[in-house]
Amino acid sequence: MKRKVIDARQDDKGNITQVKIQGNENFTPVATAIDMAKRGELSNAHAVTKRDGNEYLRTNPDGKTGNNLDEMAKN
């Protein structure tokens, strides 16, 4: 059963550090969520590897901006 990312937190530099996954009460470190995305456990997010080799989590494109991690973290 795939789960969804439903909220996010960012640090003072604007980097996403934690996400809340549907069904969890607590926030999950973004590194854990990246691993979950790689295993196909998240329905609305995927892992991306930048050219410098660092990985990050990105929500799947759907034409809406309100469900992007940066927007979730602002609320």
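Visitor: Where do Lys74 and Glu71 lie?

Guide: Both lie in helix 2, residues 69-74, at three residues apart, which is about one turn of the helix; helices here are DSSP runs of H or I with at least four residues, strands are runs of E with at least two, and both are numbered from the N terminus. Lys74 and Glu71 form a salt bridge, with their closest N and O atoms 3.4 Å apart, the term meaning a side-chain nitrogen of Lys or Arg within 4 Å of a carboxyl oxygen of Asp or Glu.

Visitor: Before going on, what should I know about the model and the numbering?

Guide: This is a predicted model, in which local features need pLDDT of at least 70 and side-chain atom pairs count only at pLDDT 80 or more, while totals for chains, interfaces and linings use all residues. Residues are numbered from 1 along each chain as its sequence is written, and side-chain values use heavy atoms, with hydrogens and water left out.

Visitor: How many salt bridges does the structure hold?

Guide: It holds three. One of them joins the side chains of Lys38 and Glu55 at 2.7 Å, N to O. Lys38 lies in helix 1 (residues 30-38) and Glu55 in strand 5 (residues 55-59), so this pair ties together parts that are 17 residues apart in sequence. Lys38 is partly exposed with a relative accessible area of 48%, and Glu55 is also partly exposed, at 34%.

Visitor: And which residue does Glu41 form a salt bridge with?

Guide: Its partner is Arg39, with the closest N and O atoms 2.7 Å apart. Glu41 is partly exposed, at a relative accessible area of 29%, while Arg39 is exposed at 54%.

Visitor: Changing topic, what does the side chain of Thr59 make a polar contact with?

Guide: The side chain of Thr59, a residue of strand 5, makes a polar contact with the side chain of Asn68 at 3.3 Å. A polar contact is a pair of N or O atoms within 3.5 Å; within protein, one atom must be able to donate a hydrogen and the other to accept it, and residues adjacent in sequence count only if both atoms are side-chain atoms. Thr59 is buried, with a relative accessible area of 8%. Leaving aside neighbours within four places in sequence, its contacts (heavy atoms within 4.5 Å) include Asn44, Ala45, Asn68 and Met72.

Visitor: Where is Asn44 found, and what does its side chain reach?

Guide: Asn44 is found in the loop between helix 1 and strand 4, and its side chain reaches the backbone nitrogen of Val5 at 2.9 Å. Asn44 counts as buried at 14% relative accessibility.

Visitor: What about Ala45, buried or exposed?

Guide: Ala45, found in strand 4 (residues 45-49), counts as buried at 5% relative accessibility. Not counting residues up to four places away in sequence, Ala45 touches Val5, Ala37, Leu57, Arg58, Thr59 and Asn60.

Visitor: Now the strands: how many bridges join strand 1 to strand 2?

Guide: Five bridges join strand 1 (residues 5-10) to strand 2 (residues 16-21), and the two run antiparallel; strands pair if DSSP finds at least two bridges between them. Gln10 has Ile16 as its bridge partner, and Asp7 has Lys20. The two strands form a hairpin with five residues between them, and Gly14 in the turn has a positive phi of about 90 degrees.

Visitor: And how do strand 2 and strand 3 pair?

Guide: Strand 2 and strand 3 (residues 27-29) pair in the antiparallel sense over three bridges, with Phe27 as the strand 3 partner of Lys20. They also form a hairpin with five residues between them, where Gly23 in the turn has a positive phi of about 95 degrees.

Visitor: What lies over the face of Phe27?

Guide: Arg9 does, at 3.8 Å from the ring centre; the criterion is NZ of Lys or CZ of Arg within 6 Å of the ring centre and within 35 degrees of the ring normal.

Note on methods. Buried means under 20% relative accessible area, exposed over 50%, partly exposed in between (1.4 Å probe, protein chains only).
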